[in-house]
Amino acid sequence: MPRLSASLLLGLVSVLLTTSPCGVRADSPIAPSFPYGSQKVRGVNLGGWLVLEPWITPSLFDATGNDNIVDEWTFGQHQDPSAAEAALKVHWDTFYTEADFAAIAAAGLNHVRLPIGYWAFEVGPGEPYIQGQLPYFKKAIDWAGNHGLKVIADLHGAPGSQNGYDNSGQRLDAPRWPYNGTDIARTKAVLKTIADTFTSNSDVVSIIAPLNEPLGTLGNDVLSPVRDYSMSSYDSIRHPSNSSGQSNSVVLIHDAFTNSSYWSGFMTAPDYQGVAMDTHIYQVFKNNQLVLTEDEHIELACNQSAVLSDYDLGIIVGEWAPAITDCAKYVNGRGIGARYDGTYPNSTAIGSCAGMTGSATSFSDDYKTFLRKFWEAQVSAYETGYGWIQWTWKTEVGTGEEWTYKAGLDNDWIPNDPTEKKHPNICKN
């Protein structure tokens, strides 16, 4: 298994020797390859491909026959490495192909968000990750360019996990990243490598997102290193070390699940140029949302217009979905049930998951009509800001299809043209 490369070692040394963020530069305005703010971002996430998620490809995990395999870390840890590598190779070769990028473009979308984990770039001693993702990441950028799509290069998993979620690579009771200076320095070194590699291709990779979903709800012990890391990332992206000039890549900072007031005045012009904010909006992971009626779900979505308008930076809703339950298999983690039907630990059933998830062929006409209304309400609200990236383009066939853009297209709750509306006044009633 490949280990730390020489370039990453040098980057790691440089960030370890840096005790504070690089000095702020009064940079010139950038010229991004997409007119953010004047044309709406409309796109999809390519979830579950280069960063595994059990709910997106449950058969990949079930085929191991080992209930202890719950994320990409344990996928390499609890089975023969050669078997794990062979399974991943098949997955990487087949789950996404250029045909998907052609279909995404044909659906009238203009962006894909492409998650990647730090382990694609370096694996430390004792870490069981299987490498091999990076060639596919680069191939995906080529495919996106072939079909006129912009790419958001999204660092989705950091050493020690920035949130403890399985989609960070390692499912933990609590994140370790914010409390470990070495892990933060490693992440800065990886981000520097991403910036040095991809900012020269900003015609396609128009945005770099330095870190997905750090768990800021835990307080300042997380938020303080996130702010430091965000400023350091800006310097790496705006001023890549292999270029004498500044790059035109937009820096997309996640809001760490905090509100707009926390970020007031943070990384704004003129000292910082080409910075935008990423927020993720779901209505499925809290009981007070799961109990809402269909009309209340729509109203809550429409109300996000006012929330988004409060951000100082341009705002992209980088993850959201038409789902209104947490019924999709493994969506709360492999081996963990749903709050909605009471199979989640210490939960009380709200309703039945039957007909709410799985294959779209099981969805009633009434449910699909609602999904269309809810999709349109969210699109209407999120276009108050810079736009939106739905999670996700697809899942394994027959699982969690209420979440996916592709199933929505195939079953008519998402239009072939994302500007087409059956319910144009959905948020005006």
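1. How do the axes of helix H7 and helix H8 cross, and within what distance do they come? The axes of H7 (residues 181-198) and H8 (residues 220-238) cross at roughly 25° and come within 9 Å. Axes here are lines fitted to C-alpha atoms, for helices over the stretch in contact, with angles from 0 to 180 degrees between N-to-C directions. Helices (H or I, at least four residues) and strands (E, at least two) are DSSP runs, numbered from the N terminus.

2. A note on the source: this is a predicted model, in which local features need pLDDT of at least 70 and side-chain atom pairs count only at pLDDT 80 or more, while totals for chains, interfaces and linings use all residues. Residues are numbered from 1 along each chain as its sequence is written, and side-chain values use heavy atoms, with hydrogens and water left out.

3. Contact means heavy atoms within 4.5 Å. On the H7 side the contact includes Ile-184, Leu-191 and Ala-195, and on the H8 side Pro-225, Tyr-229 and Ile-237 are among the residues. The residues of this contact divide into six nonpolar, four polar and three charged. Ala, Val, Leu, Ile, Met, Phe, Trp, Tyr, Cys and Pro count as nonpolar, Asp, Glu, Lys and Arg as charged, and the others, Gly among them, as polar.

4. Helix H10 (residues 294-302) packs with H12 at an angle of about 15°, and their axes are 8 Å apart. H10 and H12 are therefore roughly parallel to each other. Among the contacting residues are His-297 and Ile-298 of H10, and Phe-370 and Phe-374 of H12. This contact divides into seven nonpolar, two polar and two charged residues.

5. The largest nonpolar core has 114 residues. Such a core is a set of buried Ala, Val, Leu, Ile, Met, Phe, Trp, Tyr and Cys residues joined through side-chain atoms within 4.5 Å. Helix H12 (residues 365-382) gives the largest share of this core, nine residues. Tyr-405 is one of the residues with the most contacts inside the core; its partners include Val-44, Trp-375 and Trp-388.

6. Pro-29 sits in the loop between helix H1 (6-16) and strand S1 (41-45). Pro-29 is exposed, with a relative accessible area of 64% (buried is under 20%, exposed over 50%, partly exposed in between, with a 1.4 Å probe and protein chains only). Pro-29 touches Gln-246 and Gln-273, leaving aside residues up to four places away in sequence.

Key: Angles under 35 degrees count as roughly parallel, over 145 as roughly antiparallel, 65 to 115 as roughly perpendicular and the rest as oblique.
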